[in-house]
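Good morning, everyone, and thank you for making time for this. Please take a moment with the sequence and the picture before I start to talk through them.

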Amino acid sequence: MTYAAHHRDFVPYFPTFTGGNAVTNKAGVLRRIFDAIFESRQKQADRDIARFLARSGGRLTDDIEREITQRLLTGNWNPRQ
């Protein structure tokens, strides 16, 4: 399977200050909305994959992994199939 890195996976390059006047960098409204949508879709995909695996015997074989990947990439995901 492939992996798309999320912005939280990276460590900031700039040093952080622990002084008294450090400004906290709060994410903007659009970033928080995007993160919420991303997390919601990720959780739904995880649930669909778990259901699919449970129906296929609970074992993750190469064939099952290939089928899950194909369905997720083409958008032809219907966990009931």
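I will go from the whole chain to its core, then to its charged pairs, and finally to a patch on its surface.

Please keep in mind that this is a predicted model, in which local features need a pLDDT of at least 70 and side-chain atom pairs count only at pLDDT 80 or more, while totals for chains, interfaces and linings use all residues. Residues are numbered from 1 along each chain as its sequence is written, and side-chain values use heavy atoms, with hydrogens and water left out.

Let me begin with the chain as a whole. The protein chain has two helices and zero strands, where helices (H or I, at least four residues) and strands (E, at least two) are DSSP runs, numbered from the N terminus. Of the 81 residues in the protein chain, 14% are buried; here buried means under 20% relative accessible area, exposed means over 50%, and partly exposed lies in between, with a 1.4 Å probe and protein chains only. The accessible surface of the protein chain comes to about 7,300 Å², and 57% of that belongs to carbon and sulfur atoms; such areas come from the Shrake-Rupley method with a 1.4 Å probe, and for residues only the protein chains shown count as cover. If we take the contacts (heavy atoms within 4.5 Å) between residues at least 6 apart in sequence, 50% of them join residues at least 24 apart.

Now to the core. Which residues make up the largest nonpolar core? They are Ile49, Phe52, Leu53, Ile64 and Ile68, five residues in all, and a nonpolar core here is a set of buried Ala, Val, Leu, Ile, Met, Phe, Trp, Tyr and Cys residues joined through side-chain atoms within 4.5 Å. Helix H1, which is 29-55, and helix H2, which is 62-74, each supply at least two residues of this core, and the largest share, three residues, comes from H1.

The C-alpha atoms of Asp48 and Ile68, which are 20 residues apart along the chain, are separated by 9.7 Å. For Thr69 and Ile49, also 20 residues apart along the chain, the C-alpha separation is 10.0 Å. Thr69 is found in helix H2, and with a relative accessible area of 23% it is partly exposed.

Next come the charged pairs. In general, side chains of opposite charge can pair when their charged atoms come close. How many salt bridges does the structure hold? It holds five, a salt bridge being a side-chain nitrogen of Lys or Arg within 4 Å of a carboxyl oxygen of Asp or Glu, and I will describe some of them.

Glu39 forms a salt bridge with Lys43, with the closest N and O atoms 3.3 Å apart. Because Glu39 and Lys43 are four residues apart in helix H1, they are separated by about one helical turn. Glu39 is partly exposed at a relative accessible area of 34%, and Lys43 also counts as partly exposed, at 44%.

Asp48 forms a salt bridge with Arg51, the closest N and O atoms again being 3.3 Å apart. Both residues lie in helix H1, three residues apart, about one turn of the helix. Is Asp48 buried or exposed? Asp48 is buried, with a relative accessible area of 9%, whereas Arg51 counts as partly exposed at 39%.

In helix H2, Glu67 and Arg71 lie four residues apart, about one turn of the helix, and their side chains meet in a salt bridge of 2.8 Å, N to O. Glu67 counts as partly exposed at 29% relative accessibility, while Arg71 counts as buried at 10%.

Finally, let us turn to the surface. Val29, Leu30, Ile33 and Ile37 form a nonpolar patch there, with about 400 Å² of accessible area together. Patches are made of residues with over 30% relative accessible area and no salt bridge, like charges being joined within 9 Å and nonpolar side chains (Val, Leu, Ile, Met, Phe, Trp, Tyr) within 5 Å. Val29, one of the residues of this patch, lies in helix H1.
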